[in-house]
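Subject: Structure handover

Hello,

Here is the structure I promised to pass on. Please open it first, then read my notes beside it.

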Amino acid sequence: MYRLLILLGFLNSLRADGFFDSDGNFFYEDIDFLTPEDRVSNGQTANLGQFPYHAKLDLKNSEGRYFRCGGSLIASEWIVTAAHCLNNGIVSARAVLGRVNLRNRTQGKTYHSDDLIVHQDFDPDTLENDIALIHLDESVETDENIAIIDLPEDDGDDYVGDVFTVTGFGRLGRNKPLSNTLQYTNLKVRPNRICQRLYNSEDFDDTKLCCKGKDGESTCSGDSGGPLADVNYSNNRNRLIGLVSFGKGSCEGKNPSGFTKVAAYLDWLSEQMEVGNFKEPC
Ligand SMILES: *[C@@H]1O[C@H](CO)[C@@H](O)[C@H](O)[C@H]1NC(C)=O
Ligand SMILES: *[C@@H]1O[C@H](CO)[C@@H](O)[C@H](O)[C@H]1NC(C)=O
């Protein structure tokens with residue numbers, strides 16, 4: 001069932017009402033994910049520099065429509081995001097780094113893609129391999145508000161019981177507009193069998209993580225493709241654990257959500273980033 005919800009969600013987003021952001025770009029709402037259900041009381045607004053790896057992505061399709069997703073800066077010219085963000089005819093991407101208030105254009109800097117790489121085995125029905133890379137046409141200048149996030153170890157850790165932080169400029173709730181400020185919340189990793197009961201069990205394998213907020217808070221948080229991170233895991237460094245992939249319904253529930261497990265894709269990431277595999281700029 002979740003497959004249908006996701007696909008419908010995405011198609012809906014193509015038709016949904018959009019809005020103009022502070023840069024004068026028209027946006028359509030993206031699918032489900034986003035800030036906590038009880039965002040007013042529990043959603044927290046990030047400070048500048050608190051999540052310096054978070055990229056706000058503006059994704060343009062061939063018809064000139066824009067979608068919002070999240071991403072993470074993992075190398076000076078590379079942003080990782082979810083494949084489903086780039087799969088629907090997206091032709092180019094813009095990444096805003098170092099900005100927590102979208103109305104405040106003095107914050108951060110905007111970068112542009114020159115290549116989009118969707119995992120070759122991404123399956124939009126099962127959301128298997130929901131990972132993609134955006135190559136930027138210039139190197140990102142890092143500073144106190146813009147920083148590369150480390151990749152995790154591929155040590156077979158299932159992270160069950162660990163608490164990580166998800167960030168996003170997502171919708172502030174069902175039928176509410178997208179957020180103009182970066183929001184964050186903590187989620188705990190649950191055993192995969194919990195998500196296997198809720199989603200298609202065959203598809204919920206060990207390339208995914210099952211995460212949930214505490215005490216029945218909504219698990220939906222952060223834009224699609226955005227980071228689930230181990231913040232300050234060592235000496236003020238951050239580590240990328242997951243990518244926002246899918247949820248059940250539209251954020252109203254207490255259901256855990258599915259994340260792409262980044263540690264399962266380290267080989268893929270390094271192959272793509274080394275090989276380059278550049279197409280002509282879009
Ligand atoms: C914009 O952001 C900068 C840096 O955080 C801050 O100094 C400034 O006060 C902000 N401006 C507005 C209008 O919020
Ligand atoms: C990060 O963790 C270290 C201890 O490992 C601590 O001293 C430091 O204050 C933390 N930084 C932040 C921003 O919380």
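Below is what I found, region by region.

First, a caution. This is a predicted model.

**The strands around S13**

Start with S13, which covers residues 227-234. Strand S10 (residues 163-168) pairs with S13 in the antiparallel sense, over 2 bridges. Look for Thr165, which stands opposite Ala229 in S13.

S13 also pairs with S14. That pairing is antiparallel too, over 5 bridges. Here Pro227 stands opposite Leu243 in S14. S13 and S14 form a hairpin, with 2 residues between them. Asn235 sits in the turn and has a positive phi of about 50°.

**Leu228 and the core**

The largest nonpolar core has 63 residues. Which of them touch the most other members? They are Leu59, Ala95, Ala132 and Leu228.

**Arg239**

Arg239 lies in strand S14, residues 237-246. Is Arg239 buried or exposed? Count the other C-beta atoms within 10 Å of its own: there are 20. The cut-off for buried is 20 or more, so Arg239 is buried.

Now check its contacts. Leaving out residues up to four places away in sequence, Arg239 touches Ile149, Asp150, Pro152, Ala229, Asp230 and Tyr233. Take Asp150 from that list. Arg239 and Asp150 are 89 residues apart in sequence. In space they are 4.6 Å apart, C-alpha to C-alpha.

**Pro124**

Pro124 lies in a loop, between strand S8 (109-118) and strand S9 (132-136). Pro124 has 16 other C-beta atoms within 10 Å. Exposed needs 12 or fewer and buried needs 20 or more, so Pro124 counts as partly exposed.

Pro124 touches His84 and Asn87, again leaving out residues up to four places away in sequence. Pro124 and Asn87 are 37 residues apart in sequence, and 8.0 Å apart in space, C-alpha to C-alpha.

**Ligand 1**

What surrounds ligand 1? The residues are Leu48, Asn104, Thr106 and Gln107. By class, that shell has 1 nonpolar and 3 polar residues. It has no charged residues.

Best wishes

Conventions:
Residues are numbered from 1 along each chain as its sequence is written. Chains are lettered from A and ligands numbered from 1 in the order in which they are written. This is a predicted model: local features need pLDDT of at least 70, side-chain atom pairs count only at pLDDT 80 or more; totals for chains, interfaces and linings use all residues. Helices (H or I, at least four residues) and strands (E, at least two) are DSSP runs, numbered from the N terminus. Two residues are in contact if their C-beta atoms, placed from the backbone, lie within 7 Å. A residue is near a molecule or strand if its C-beta atom, placed from the backbone, lies within 6 Å of it. Ala, Val, Leu, Ile, Met, Phe, Trp, Tyr, Cys and Pro count as nonpolar, Asp, Glu, Lys and Arg as charged, and the others, Gly among them, as polar. Two strands pair if DSSP finds at least two bridges between them. A nonpolar core is a set of buried Ala, Val, Leu, Ile, Met, Phe, Trp, Tyr and Cys residues joined through C-beta atoms within 7 Å.
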